[in-house]
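Q: I would like to learn how to read the features of a structure. Please take them one at a time.

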Amino acid sequence: MGALLRIKFVTLAALFCALGFGFAGCGVKGPLEPPPDAKVTGEAKSPEAQDPGSNSDAPKKPHEGFVLDPLLR
């Protein structure tokens, strides 16, 4: 009886591990890519948008002051 329970437990644990690794491998690492015809309007808030590049219509992110700026800049 104990051996059968152990086999079921190991099988279930292996199934959950395989399922977890399968979901972890899904998707693309990195930021989302907008559609080719998308135009960005508004204010950029992410660090990646600080310099959107020469091909982007996104506005540059304005600098927002912080208490530790004198130490960091």
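A: Start with secondary structure: helices (H or I, at least four residues) and strands (E, at least two) are DSSP runs, numbered from the N terminus. Leu 12, for example, lies in helix H1, residues 2–24. The model is predicted, so local features need pLDDT of at least 70 and side-chain atom pairs count only at pLDDT 80 or more, while totals for chains, interfaces and linings use all residues. Residues are numbered from 1 along each chain as its sequence is written, and side-chain values use heavy atoms, with hydrogens and water left out.

Q: How many helices and strands does the protein chain have?
A: The protein chain has two helices and zero strands.

Q: Is Leu 12 buried, exposed or partly exposed?
A: Buried means under 20% relative accessible area, exposed over 50%, and partly exposed in between (1.4 Å probe, protein chains only). Leu 12 has a relative accessible area of 44%, so Leu 12 is partly exposed. Of the 73 residues of the protein chain, 5% count as buried.

Q: Why does Asp 69 count as buried?
A: Asp 69 counts as buried because its relative accessible area is 17%. This residue lies in helix H2, residues 69–72.

Q: Which residues is Asp 69 in contact with, leaving aside its neighbours within four places in sequence?
A: Contact means heavy atoms within 4.5 Å. With those neighbours left aside, Asp 69 is in contact with His 63 and Glu 64.
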